[in-house]
Amino acid sequence: MKRLLIIFISAASMMIPLSCADQLDINRNPLLASKADPNAVLPFAIVQYSNRTTTEIGTRMVDVYQHASATFNSPRAGGGAAGGFLSSNQWGMLYAIVLPNLTLVEKDARAAGESNNNVAAIAITLKALAFLDATSLFGDIPFSQALNATEFPQPEYDAQEDVLRGIVAMLDEAMDLIDAMPATGNFNVTQGDLIYGGNMTNWRAFANSLKIRVLMLLRNKDTSVDAQITTALNEPYISSNTQAAMLRYPGTTGNQNAWLQIVTAFGTGSNETTNYFGPSPVMRDLLEGDPRLQLYCVDGTAGNYAESEIGVFPTNAEARYSNNLIRGNLPDIWLLPAEITFYRAELVAKGAFAGDANALYRQAVTETLQFWGQTIPGAQQTLTTGQITTFVTGLPDINPLTQAQQLVAIGEQQYLATFWCPIVSWNHVRRTKIPDIQAAAPGSTITTMLKRLLYSPVERAANINTPNDVLTDVPMWFEN
Amino acid sequence: MRKILLLIFCCSFLFANAQERTISGRVTSAEDGSTLPGVNVLLKGTAVGTVTDSNGEYRLSVSETTGTLVFSFIGFQSLEVAINERSTIDAVLGADVTQLSEVVVTALGVEKQSRELGYGISGIKSEDLTVSREANILNALQGKVTGVTITQSSGNLGGSTKIIVRGVSSLSGRNNPLWVVDGMPINDAQDNTTSRITGNRDFAGGSAVINPDDVESINVLKGAAATALYGSRAAAGVIVVTTKKGKSKQGRATVTVNSSVRFDNLFRIPEYQNEYAGGANFKYDSTATAANWGPRIVGQEVTELGTGDRVALQVYKDNYKDFYRTDRTLINNIAFSDGNDKGDYRLSITSLNQLGILPNAELDRLTTSFNAGMKHSDKLKSRFGIQYISTQSQGTGVAGANDPNVFGLVGFVRSTNFKNFKPWIDENGNQLGFAGALDNNPFWIQHENKNERNDERFLGNFETTYSPIQELNFTARIGYDFDQDNRLITNRVGTRSRATGDFTIDKINRKQLNVDLIATYFKDFGSNLNLKVLGGFNYNKRGLSAETLFSQSLSIPELFNPSNALSNVPTRAFAEQVLFGGYGEASLSYKEWATLSITGRNDWTSTLPADNRSYFYPSASLAVVVTDALGMKSKVLNYGKLRASLAQVGNDTNPYQLDFNFIPVAVATGQYSLNQNFPFNGRLGFQAQNRIPPTNLLPERQTTFEVGAELQFLDSRLTLDVSYFNSSNKNQILAVPVPQSTGFATQTLNVGEVVQEGVEISLEAKVINSKNFKWNSIVNFTHNESTVKSLTEGTERILIASEFNNIQVVAVPGREFQLFTTTYLSDPVSGRPIINPANGLRQSGPVATRGSVMPDFTMGFVNSFSYKGFTLSGTIDWRSGGLIHSATVQYLWIAGDAAETAVNRGGTFIDTYGVLANGDGTFRENDIPVRSAQTFWNNLAPGGAADATIFDASFAKLRELGLSYTVPQHILGTRFVKQLQVGVEGRNIALLYAKVPHIDPEANLFGAGADGFGVERAAVPSTRSIGFNVRLTF
């Protein structure tokens, strides 16, 4: 009988490993990595940034700056809807996902020396873009103390003006790093750079253009930045549609732009039949006689591209955005050359710079139509050069107009040029008040159009330095 | 660790055999004189013992010393007989009506006299579990045990039920008790394939496979003192399940057949309005799917959806009945069992076949259970058991939102005839029926989209006990739990909002190996003092591996092959953890009326840092039978025991919490799950984790103090059991939110403290106890307050669980778990909402906590009446307090479905609960009309303000009602059938009281796995059941 016991206990002890310590040293997840290549981290940061921004600030807020008439769960009426998950999702994406990953990429690249300047510069430029988004949505934000958990476990908030100036400094630094790149032996970031495939000339132009965008916000309050604008305009910026900064969505299943995904997930897969997104009254008015009306919209049964009121989804009777716009391979557009050309026209109109405002205005409109009608990847409908020339030729000469009239003409076309670029559009209407969509949306709890989002409740719960929320119709610092 | 093994191994040869003699005898029942097989016969103060055979006979070798035999059997009073010079000792056991010396199963399977226990244990016997048999055994415990809260998530077949023991003590979701079956800890995880809020398929947790027909008893070990020997994993309580063993009846093998058929239908149907048709703004719309704002029905003729016929506009009052059907469940069990002095076995096969209330919902479970024991000699015995449980289910309903398969009670537009939605598919695979561009024919959802689960579970254990000398025995026990859980979730091509078709294949594998080596030593010091020492070693290894494939855009609709999909996203998960434990217990008894037990356990875990992976925790408990100690012979108080304990349990954490890692990314997320897959355009994606890893993580510590009393009055006609406990759970291991502006979302730390205080009272009365008529009544009362004492500095609250629309369950210092949401802008004095004078509507205000989601108290009332062969039993379950947010109610309002939305539809609609601000801090009654009733009901949640749909979750239910009849032997008149019992059984018979309208107050979105109490969203409605049962013993 003892034999049986011996056999059993021996068998039992065989099931228990010889060394307890070895058995206990298993606490490392075999499916995770302790380090990662920037060519794998950058694609994640770029795609996550683009997709989250498109789904929150795009598909939910396109009716705030009124490129479309209505959205689901829109914050246009202010109050709690301009906070909650909308804020926490976007804030969390920027601060807890995209910015820290870019910071790690930057840190590793700096540690690797000059040969990685290109990687560091890309990371810093993308961080600048993310901080610009954050301040554009929330106003004052953690900036100088952000992303440094060891030193600043409770980051303080910086004033929007300081953030904007800090972003300019970041972009200068990115450009300095690019200028200091060795002639050869640079890190190959072709795979990770989904925007320019490692072309650092384009990255430098993009960084400089972003800098101009930020300086134009600062200029609204402080014209002393004109000197910096002059310097920037004397350096290369994005001046051709082929240099446009955008994330190209492959459009294949699983990699479709979220604008199509939302009509696929909840609708028929076509906005033309699902009837989610249609032009707002202001869009419809501005597109009258413009070939972009047919490029962007399908007409409704009521004819004449009748629009829907703000807060109302289109029906078959009204115009809806077409499958040429709401499509899987629609790029997420970050910066177009027309934006800079419009700034130049605006600066001339304001007398800050010498030049021909009318010529710049026409150039900018032409660049916009060329982008949407010709250059944009994956277009189902295009514009001929003749159509573009005819339309631009038909625009009035703005030089004889008063300065105020010139600014309206430029501002309205610039509004159309920021089409489907969520944060750029919102900043434009808040900065210039053109077109005039500053009134409160119907049924609103606020007195003007939505000016800001409430701070993320997740950040507020954890950061004692989060300021009290102001009402969502309190203007941004950069607004006049 | 090897040393301990070797020591145990060597010890077994150190003891020489003493001289022995043999005692034999027969044990019979005092009640009917029948022989009793399976009775424990033990030489008092030693490990020497045996079990009576099928004839109730036993043989036991004892040393020549004199001693006392103890005969004990569950349900009978223990009996002690001095051996003296006798070699034959027969024993007659009386039924244990008083439970003065009941044998209960405690930690590690150790059977103890209840009088020795210094802590509270609640037990349930097999007959209480099979009165009205349940697919999920947890449901059968409702109302019957103090100190536990049991909540069935929904009426989903194969769905989950959540159990918590003595409230919530953990902030990190480790509040589910440990399940131990025949000494083997089993996996009770609930794995989710889809998000719990977006398209929630609620598949039951791991304990649901326990088959009520195979259960002999269930004991709930509640306090830390009761669970301390189980170690780290028992901090949230232990449920000890003991399965039935083989027995003979009157010397023969027995065959038991137990068959039930059960019918379920909807337990609670919303009070629908029956005046208005589908549509909006008083205009009829045949395609309306969740909008009953059409015209009042006055005999109009309209075109019908589905058929296109012109029909009279009418309300189809019971149209939900055209969709939900009567659930039919068949439970058939056959068990073969036999035993003698050498061995025993029991083979049981149970088949459960259930057709759910949802069309095409079906669950089939086959449970095969076999256990056998062998007595190799007086010194060595062994036992093994295996259970194989195969469960297939399909047609599981989907809860939550943002999934085309969610279809709930909101969907029944009053003027829509659901009969017209069949057929739901044409010969080309196109969807028929619903005309809305966005909505699916509910029959299509149930028949064409699969929600299948195929779960194969294997539980095995082997145990051997060796007693080299009378005072000492060694037990080695090995258990293995293997679960392969395969799921297939599909959306057929043509499903609206998933038009291109997709499928998810999820293969989840969980394994657990558990080894215990236990040595027990008894020493009787004479002078009424005896000592029992136990020492043991435990090895536990758990593993999870899961592989998930999500495939989109199918070419052939019903082909679930990744090569048939344009996009495939595979993901893997893996986790493994090991725990070693060394434990010991010393119990010193004086005259059997005072027992002091001291335990200690040290664990070594793989999940904590090497420096902190070893931790020790002690417990002490004292039980004093005061009536014996004081020599009381009162009839009024015939038995009184006082008990007290102080115990600590340590707890480790989940694996892989210590490192900083980069995670290969499968998807970049977006709002509404509008995600991007990786590789993206040929690029892989990696992201750094956004959790700051801990630097010096310590184990959690739970300390519990408990006192209690068991008092029996009037010759045990009245039994009162009272417990008071107070516990503190410190050093909780938690991913604490940090400001995201630091670049991280959380930091893993030891933080926070949850304190609990509670009272449990059980009062049992044998109200009438005559020969023919018996009335037993039990009242159970549980009050438990789990208060979050502290979080970490600078943290206002920690999220426990979250639904959409800012409905959250949070931990806030100084309170119980709170429902947290956006509120109305309201008058701070009266709390009434401030109306927007521009439109007459309520407005959203700040976010705030709204109260506890945990009940103030729960009570159970169990009554049974027996007259001759008839037994009538019933359970009423009452829960008081706690909040619930119901999205179903919210949508019944928005859709104009609920009866209250029909009130004053045509007239001037003023929100009379609202107030208007006078501008000087005072308020007046609201007199601003809303545009229409539809506008009012559609805007009751402005900006996500959820106040209107937060309700008191209190309820009282008639939980069970059963009538059974045991046919007397003389009527059977044959020796072939030994027993015949027939019964009618009902569950969830009636909702006696509820404050929340329209829904079952118990519904829960988060299921068994998470701690999201108090949140309901589009749950599959729960059911009321009635069943018939026949039990035959041959």
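Predicted model: local features only at pLDDT ≥ 70, side-chain atom pairs only at ≥ 80, totals over all residues.
Chain A contains 18 helices and six strands. Along the principal axes, its C-alpha atoms fill a box of roughly 110 × 55 × 45 Å. How does the radius of gyration of chain A agree with that of a compact globule? For 480 residues, a compact globule would have a radius of gyration near 23 Å, and chain A has 26 Å, so the value agrees with that of a globule. Of the 480 residues in chain A, 57% are buried.

Let us now consider the domains of chain A. Domain 1 covers residues 41-239 and 451-470, while domain 2 covers residues 258-321. In chain A, the C-alpha centres of domain 1 and domain 2 are 31 Å apart. Where these domains touch, twelve residues of domain 1 of chain A are in contact with 18 residues of domain 2 of chain A. The side contributed by domain 1 of chain A is made up of three nonpolar, eight polar and one charged residue.

Chain B is also divided into two domains. Domain 1 of chain B runs over residues 2-96. In chain B, 25 residues of domain 1 are in contact with 28 residues of domain 2. Which elements supply the side of domain 1 of chain B that touches domain 2 of chain B? Helix 1 (2-11) and strand 4 (57-63) of chain B each supply at least two residues of that side. Strand 4 of chain B gives the most, with five residues. By class, this side of domain 1 of chain B comprises eleven nonpolar, ten polar and four charged residues.

I turn next to the contact between the chains. Here 83 residues of chain B are in contact with 88 residues of chain A. On the chain B side, strand 33 (residues 565-590) gives the most, with eight residues. The side of chain B that touches chain A holds 41 nonpolar, 33 polar and nine charged residues.

Finally, I would draw your attention to strand 49 of chain B, which spans residues 808-811. Strand 49 of chain B has strand 48 (residues 798-802) of chain B as an antiparallel partner, joined by four bridges. Within that pairing, B:Ser802 has B:Gln808 as its bridge partner. Strand 49 of chain B also pairs in the antiparallel sense with strand 50 (residues 818-824) of chain B, over three bridges. There, B:Val810 stands opposite B:Gln818. Strands 49 and 50 of chain B form a hairpin with six residues between the strands, and in this hairpin B:Gly814 takes a positive phi near 90°.

Thank you for your attention.

Key: Residues numbered from 1 in each chain as written. Chains lettered and ligands numbered in written order. Rg over C-alpha atoms; globule rule 2.2 N^0.38 Å. Buried ≥ 20, exposed ≤ 12 C-beta atoms within 10 Å, placed from the backbone. Domains from an automatic or database assignment. Contact = placed C-beta atoms within 7 Å. Nonpolar A, V, L, I, M, F, W, Y, C, P; charged D, E, K, R; others polar. Pairing = 2+ DSSP bridges.
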